[in-house]
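Colleague: I am new to this structure. Could you walk me through how to read it?

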Amino acid sequence: MTNDEMMAKMTEPVDPLWTVMNEGGPYHAKGNLEMYINQRLLPTGRTEAVEKLKQAYPNEFKV
């Protein structure tokens, strides 16, 4: 299956990869996870991801 075919089957109105790219890239992979959570995830209602990211990247947070 091609990328075009897969994207045509998406149920989301916007490809999630474009959301990441429009936000300037994967901040969680660059030492800016706390900022990414506070400036992007929480204000856009994506709170379900916050705890998962904290568990996956505990060294990204100040103790």
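**Reading the model**

Modeller: Start with charge. This is a predicted model, and the mean positions of its 7 positive and 9 negative charges are 6 Å apart.

Colleague: What is the mean pLDDT of the protein?

Modeller: First, the general idea. Where pLDDT is low, the predicted coordinates should not be read in detail. Here the mean pLDDT is 83. Of the residues, 92% reach 70 or more.

Colleague: Which element has the lowest mean pLDDT, and which the highest?

Modeller: Helix 1, residues 3-8, has the lowest, at 79. Helix 4, residues 48-56, has the highest, at 90.

Colleague: How many helices and strands are there in the protein?

Modeller: Count the elements, then read their order. There are four helices and zero strands. From the N terminus on, the order is α-α-α-α. Next, compare the radius of gyration with the globule rule. The rule gives 11 Å for 63 residues, and the protein has 14 Å, well over that, so it is more spread out than a compact globule.

Colleague: What box do the C-alpha atoms fill?

Modeller: Take it along the principal axes. The box is roughly 45 × 20 × 20 Å.

Colleague: How do I read the surface and the contacts?

Modeller: The accessible surface comes to about 5100 Å². Carbon and sulfur atoms hold 55% of that surface. Of the 63 residues, 16% count as buried. For contacts, look at separation along the chain. Among contacts with a separation of 6 or more, 34% are between residues 24 or more positions apart.

Colleague: Now single residues. Is Leu-53 buried or exposed?

Modeller: Check the relative accessible area against the cut-off. Buried means under 20%. Leu-53 has 15%, so Leu-53 is buried. Leu-53 lies in helix 4.

Colleague: Which residues is Leu-53 in contact with, leaving aside its neighbours within four places in sequence?

Modeller: Leu-53 is in contact with Leu-33, Leu-41 and Phe-61. For another distance, take Trp-18. Leu-53 and Trp-18 are 35 residues apart along the chain, and their C-alpha atoms are separated by 20 Å.

Colleague: And where is the place of Ala-49?

Modeller: Ala-49 is in helix 4. At 23% relative accessibility, Ala-49 counts as partly exposed. Its C-alpha atom is separated by 8.8 Å from that of Ile-37. Ala-49 and Ile-37 are 12 residues apart along the chain.

Note on methods: Residues numbered from 1 in each chain as written. Predicted model: local features only at pLDDT ≥ 70, side-chain atom pairs only at ≥ 80, totals over all residues. Heavy atoms only, no water. Helix = DSSP H or I, 4+ residues; strand = E, 2+ residues; numbered from the N terminus. Rg over C-alpha atoms; globule rule 2.2 N^0.38 Å. Buried < 20%, exposed > 50% of the residue type's maximum accessible area, 1.4 Å probe, protein only. Contact = heavy atoms within 4.5 Å. Areas by Shrake-Rupley, 256 points an atom, 1.4 Å probe, with all protein chains shown as cover. Lys, Arg positive; Asp, Glu negative; His and termini not counted. Charge placed at Lys NZ, Arg CZ, Asp CG, Glu CD. pLDDT = per-residue confidence, 0-100.
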